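Subject: Handing over the structure

Dear colleague,

I am passing this structure on to you, and my notes on it follow below. Please have the sequence and the 3D view open while you read.

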Amino acid sequence: MKANCWYGKHDVRVKEVPDPTILNPRDAIVKITLTAICGSDLHLYDGYIPTMEHGDILGHEFMGEIVELGGRVNNLKIGDRVVVPFTISCGNCFFCEMQLYSLCENSNPNAWMAEKLWGHSPTGIFGYSHLVGGYAGGQAQYTRVPFADVGPIKVPTELTDEQVLFLSDILPTGYMAAENCNIHPGDTVAVWGCGPVGLFAIKSAYLLGAERVIAIDRIPERLRMAHEKAGAETINYEHANVYDTLMEMTGGRGPDSCIDAVGMEAHMPGPLYAYDRVKQALMFETGRPIALREAIMACRNGGTISVPGVYGGLVDKMPLGSIMNRALTIKTGQTHVQRYMRPLLERIQNGEIDPTFVITHRLSLEDAPMAYQIFKNKQDECIKVVLSPN
Amino acid sequence: MATQTTYNHGSQSWEGEPGKGSAQGWARGLGWFSVGLGFTELLLPGPLGRLIGVRDHRTLIRAMGAREIAAGIMVLKERTPTRSMAARVSGDIVDLGLLSAGLGSRGARRGRIVGAAAAVAGVTALDVLCTKQLAEREPSALAETVQTIAINRSPEECYQFWRDFENLPRFMKHVESVRVMPEGRTRWIAKGPAGMRVQWDAEITEDRPGRITWRSLEGSDIENTGSVRFERAPTGHGTIVRAHIQYRPPAGKIGSVVAKLFGEEPSIQAKTDLRRFKQMMETGEVATIEGQTSGRAHVEQSARAAAAHA
Ligand SMILES: NC(=O)c1ccc[n+]([C@@H]2O[C@H](COP(=O)([O-])OP(=O)(O)OC[C@H]3O[C@@H](n4cnc5c(N)ncnc54)[C@H](O)[C@@H]3O)[C@@H](O)[C@H]2O)c1
Ligand SMILES: [Zn+2]
Ligand SMILES: [Zn+2]
């Protein structure tokens, strides 16, 4: 089969590789009909996540048709059309039982590596480095899906692939980011980053009752989409001081909650950016928490910082004093995707959300290397790429 | 008045692992330094080259980086990292050599190179000191590891599964078979590198719900004793399993096989086996990526095909 493999920083190639096979009784093989590139993949593409190996198959947002089943998967049958969550979760452990699926204790065969870096290991993830299991990903024609009796969700035929694909990651991620804000009627939510995650966070914040959502980015077409398709007020951080503008908009109090949908590769005009780039490059910090710092400083007293943005290791100059003295709450995590798939599928069926609005590029799997390039460099007004592998 | 809780489950006292001294602490610190420096060299050969005054040597600096990371990881992996500390020392000497070669190359900035060399020399001195300390204390000591894991099953279920010794190879990575013999004895066969096998017989010295202990018998390839305990965790938290393993690898050829099997990182290995036990108990299978497809499989195949044609 064909698969998009990682060969180093800014080097991905579509290769002919052996077909996946069932390795465990709870596995399934999915023939992929649609797959996507995520902002998280860019952290791998840019070489910021350690323990990638040459030839690793990328991709964690995918859906398709069940073509093979292990002996212990009883709730699916060959031919079922499913969306697969990016978190690989067993459904049996302490955390899965609490529906904290991204903290599954049983799906990361390399848990010891993650323990060295983070103290404890999170769940295994498709195509996301050996730290989180080294599982072959879904930017391919076929993928092996472990714990297939727990993860994949069957989707009704009347919905198109594009309508349901993002249940695999970014829609639940945006939703959980908003849910973590504990929104009350009348709340103002500020969202840093108008990539697909930020856009779905904006939508979800409104769904959960926010009165005002303010979106921050610098890419014109993303700000436009945040405004026109998701209904946010916008701030272009290259044209205005974000903190001052937010204070002006909220009578000096600050937003009730702030979402960092940017993560470890944040950008910023000015010298502090150079400071973080150098520190990150020298491995004195592994993330540039620029948006996060700004979100903390701007948030109102007693407010909530929700962090869907991915961080890998250590960051520098965290305003802990601001967090402590102003009684802020921080909520974060890889998304507990399995928890949100069914309710969000219902919202899609009801017409409350149509996630297709973020798609700007429909390409074939072979185009993956080019697609990574334009998505990374925000060329051609690229916001979200979906790839057809078959 | 508040009552004081002392955490004294059975014979366990909470004093940490034996034999952790300052040399090992140093070794770990240096290990992390290596990993950090290595990543810098690997990811940023250009700016680093400029910073320390050697331009045009990106590939070389990258190679030094890879070497540094490997050395660092080796140090971090080993419990008593004498061998890898020695590797670090020789690596430092290579770096020093390269830096002094740099003094002669075009475009080299002397002041900076000397600064960098001084930094590396400082690290080298530390490395040498640390290696010496570790070498002095390396005995034919009993290796020992204590590992615990929480399992979302009752102590009875965990005990039952473990007590069926023929189940053990299902989660002990290197154990090929355990055969139950008469009189509470078991025969263990473990896989070594290159198809080598090591074998030992053990007797069960204690066996009751909650606790199993064993001891290897005379003539074993590896002298070892161990215990595994299944303690009820606070309500809703299942079982805490505690494994305590001590072993003394023999010298000679078998010794080196055993060292490869158990010697490299017995604590991580024991922990991994416990984790696999947990996976069996909770999910009925052991999570794995062994045998999955990748862009490497393809490369290997074509390499093999090319070799066949040559
Ligand atoms: N928690 C999870 O489970 C999960 C799941 C998916 C994605 N993510 C993470 O969410 C983040 C966003 O993902 P995405 O797919 O939307 O990525 P993306 O790269 O498309 O979007 C990031 C956006 O942030 C903007 N940005 C950069 N610096 C900024 C700053 N200082 N202030 C404001 N905006 C800034 C960029 O211009 C870009 O539009 C990534 O870190 C990704 O890894 C997390
Ligand atoms: Zn993603
Ligand atoms: Zn689990």
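**What was found**

Of the 310 residues in chain B, 43% count as buried, where buried means under 20% relative accessible area, exposed over 50% and partly exposed in between (1.4 Å probe, protein chains only). Please keep in mind that this is a predicted model, in which local features need pLDDT of at least 70 and side-chain atom pairs count only at pLDDT 80 or more, while totals for chains, interfaces and linings use all residues. Residues are numbered from 1 along each chain as its sequence is written, chains are lettered from A and ligands numbered from 1 in the order in which they are written, and side-chain values use heavy atoms, with hydrogens and water left out.

**Chain B**

Chain B has 9 helices and 7 strands; helices (H or I, at least four residues) and strands (E, at least two) are DSSP runs, numbered from the N terminus. Among the contacts in chain B with a separation of 6 or more, 56% come from residues 24 or more positions apart, a contact being heavy atoms within 4.5 Å.

For aromatic pairs, the rings of Phe, Tyr and Trp (its six-membered ring) must have centres within 6.5 Å, and planes under 30 degrees apart count as stacked, over 60 as edge-to-face and the rest as tilted. By this rule there are 14 aromatic pairs over all chains. One of them is the tilted pair of F161(B) and F277(B), with 6.1 Å from centre to centre and 40° between the planes. This pair links distant parts of the chain, since F161(B) is in helix α6 (residues 155-163) and F277(B) in helix α8 (residues 266-283) of chain B, 116 residues apart. F161(B) counts as buried at 16% relative accessibility, and F277(B) is also buried, at 0%. Both belong to one aromatic cluster, which is formed by Y159(B), F161(B), W162(B), F171(B), F230(B) and F277(B).

Elsewhere in chain B, E183(B) has a positive phi of about 60° although it is not a glycine. E183(B) lies in the loop between β2 (175-181) and β3 (185-191) of chain B, and it counts as exposed because its relative accessibility is 72%.

**The zinc ions**

Donors are N, O and S atoms within 2.8 Å of the metal (3.2 Å for Na, K and Ca), and as water is not among the atoms, sites may look incomplete. Four donors count as tetrahedral if all angles lie between 85 and 135 degrees; four count as square planar and six as octahedral if opposite donors are over 155 degrees apart and all others between 65 and 115; anything else is irregular.

The zinc ion (ligand 3) is coordinated by the SG atoms of C90(A), C93(A), C96(A) and C104(A), at 2.3 to 2.5 Å. Its site is tetrahedral, with angles of 100 to 117° among the 4 donor atoms, and along the chain the donors follow the spacing C-x2-C-x2-C-x7-C. C90(A) is buried at 0% relative accessibility, as is C96(A) at 4%.

Distant parts of the chain are linked by C38(A), in the loop between β3 and α1 (39-45) of chain A, and D169(A), in the loop between α4 (161-164) and α5 of chain A, 131 residues apart. C38(A) is buried at 3% relative accessibility, and D169(A) is buried at 4%.

**Other places in chain A**

T173(A) lies in helix α5 (residues 170-179) of chain A and counts as buried at 8% relative accessibility. Leaving aside residues up to four places away in sequence, T173(A) touches F86(A), V197(A), P308(A) and T335(A). The side chains of T173(A) and T335(A) are joined by a polar contact of 2.7 Å (a pair of N or O atoms within 3.5 Å; within protein, one must be able to donate a hydrogen and the other to accept it, and residues adjacent in sequence count only if both atoms are side-chain atoms).

F147(A), in the loop between β9 (142-145) and β10 (153-154) of chain A, has a positive phi of about 45° although it is not a glycine. F147(A) is buried, at 2% relative accessibility.
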